[in-house]
Amino acid sequence: MTPLEQAHAALRRLDGAATTTCAYYVPGRIELLGKHTDYAGGRSLLCAVERGIRLVAAPRTDARVRIVDARSGERVELELSAGLAPPPSPGHWATYPVTVARRIARNFPGPPSLRGADLAFASDLPPAAGLSSSSALVVAVFTALAAVNGLERRPEYRVNIRSVLDLAGYLGTVENGQSFRALSGGEGGDAGVGTFGGSEDHTAILCSQAGVLRQYAFCPVRHERDVAFPRGWRLVIAVSGVVADKTGGARERYNRAAAQAAAILAAWCRATKRSDASLAAALASAPDAPAQLRRIVGGSLGRRLEQFLAESTEIIPAAAEVLARGDIAALGPLVDRSQQLAERCLENQVAETIGLARRARELGAAAASAFGAGFGGSVWALVPEEAAPEFRAQWAEVYRQDFPAVAPRAEFFVTGAGPGLERVSVA
């Protein structure tokens with residue numbers, strides 16, 4: 001059965017009388033470049049992966065939401081309520097629909113009263129692998145519940161969410177617990193899912209186009225340019241098998257880069273008496289702002305500043321330019337620099353992702369980099385289309401040799417730049 005057929009079958013098992021009214025394909029994302037830039041107002045170069053979540057929904061007459069994972073059979077039931085308690089197991093997939101339900105109930109209480117739904121989903125995205133499987137689930141659940149309730153017609157939605165870019169920004173705050181315009185966030189201790197990310201993932205999921213790399217800036221979300229994905233090339237994705245955990249101590253490491261960016265901005269505002277909204281805005285506030293900031297912060301904050309400056313203001317614009325003119329050979333050194341900055345300044349790489357990126361270059365990839373939050377996850381490699389199957393096999397083999405303990409949990413697959421969220425036929 002296809003993933004969509006699996007989702008339909010799971011919904012029928014959940015309620016044999018349920019009538020599916022909407023179905024969606026919601027992809028994961030590949031961050032070609034843009035390591036820990038979005039929440040600080042920086043840039044990213046993005047596309048969707050050709051894998052994702054298929055979700056089907058049937059409306060209910062009460063406020064109950066029942067969600068089932070078609071592949072595992074796990075099931076969660078909840079109410080559309082702002083006072084909804086967090087799920088009992090941090091890190092479980094239920095965290096994400098619970099967070100969405102709580103935020104919808106807070107921001108769109110009605111009238112009319114909110115209706116629940118029966119939802120079933122099937123995903124071929126590796127979980128906790130840096131491919132935004134969690135954000136894809138957030139987008140999928142929100143999209144289905146929004147459709148069931150006609151949220152786009154409600155005045156509080158129309159006033160605050162005026163475009164798909166606004167929606168991406170809003171969904172980022174659903175995850176991180178912040179407010180979005182007048183749509184309130186973290187009152188009562190609600191911190192979203194507990195990790196402080198931005199809206200890069202949601203933007204890629206909602207806005208990607210097949211065969212296109214899209215450059216965005218953030219805080220607020222702004223589309224800057226599109227570049228065609230290189231014809232005759234493919235991305236080989238290596239899922240390291242090192243789980244990019246976001247609970248406990250791992251959550252603190254994940255949030256460290258965001259805290260550093262916030263600390264740099266706070267130091268800037270104290271020193272200059274300004275009130276810039278993001279690190280990117282501070283850096284753009286004057287021609288000598290980067291030099292001023294270098295004098296204000298040092299040590300680990302200085303290294304974080306250099307990584308952000310290079311990634312957002314130098315590497316990404318240059319990479320988009322070389323891709324636009326088809327100069328694939330010039331892309332490799334730029335991506336190598338991004339990877340090195342992640343290792344040295346972000347300090348969010350593990351031996352496995354460092355090894356995968358280096359081995360990919362040794363095997364002939366035009367460019368290769370880890371992506372996502374770090375501390376595990378995945379690496380992409382850009383290779384000629386005709387060489388992709390052999391490259392994938394060779395890369396997997398050297399990984400088995402280099403990291404035999406974790407290699408059984410790894411996965412290697414080939415993808416292009418895929419489409420963003422799509423509503424699909426319910427038939």
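Reader: Is Lys 273 buried or exposed?
Author: This is a predicted model, in which local features need pLDDT of at least 70 and side-chain atom pairs count only at pLDDT 80 or more, while totals for chains, interfaces and linings use all residues. Residues are numbered from 1 along each chain as its sequence is written, and side-chain values use heavy atoms, with hydrogens and water left out. Lys 273 is found in the loop between α7 (248-272) and α8 (279-283), where helices (H or I, at least four residues) and strands (E, at least two) are DSSP runs numbered from the N terminus. Relative accessible area, taken with a 1.4 Å probe on protein chains only, makes a residue buried under 20%, exposed over 50% and partly exposed in between, and with 73% Lys 273 is exposed.

Reader: What is the omega of the cis peptide bond that joins Gly 110 and Pro 111?
Author: Pro 111 lies in the loop between α2 (95-107) and β5 (117-123). The bond that joins Gly 110 to this proline is cis, and its omega is about 15°.

Reader: How many residues of β5 are buried?
Author: In a regular strand the side chains alternate between the two faces of the sheet. Both faces of β5 are covered, with Ala 117, Leu 119, Phe 121 and Ser 123 buried on one side and Asp 118, Ala 120 and Ala 122 buried on the other. Strand β5 is therefore largely enclosed by the rest of the structure, and the number of its residues that are buried is seven of the seven.

Reader: Which strand pairs with β5 in the parallel sense?
Author: Two strands pair if DSSP finds at least two bridges between them. Strand β2 (residues 43-59) runs antiparallel to β5 and is joined to it by seven bridges, with Ile 53 opposite Ser 123. The parallel pairing has five bridges, with Arg 66 opposite Asp 118, and the strand concerned is β3.

Reader: Which element gives the largest share of the lining of the second largest pocket?
Author: On a 1 Å grid over the protein atoms alone, a cavity is a set of points where a 1.4 Å probe fits but cannot get out, whereas a pocket is an open set with protein on both sides within 12 Å along at least five of seven lines, and lining residues have an atom within 4 Å of a point. About 520 Å³ of space lies in the second largest pocket, a volume being the space filled by probe spheres set on grid points joined across faces, edges and corners. Of its 28 lining residues, those closest to the centre are Asp 38, Tyr 39, Asn 176, Gln 178 and Cys 219. The largest share of the lining, six residues, comes from α5.
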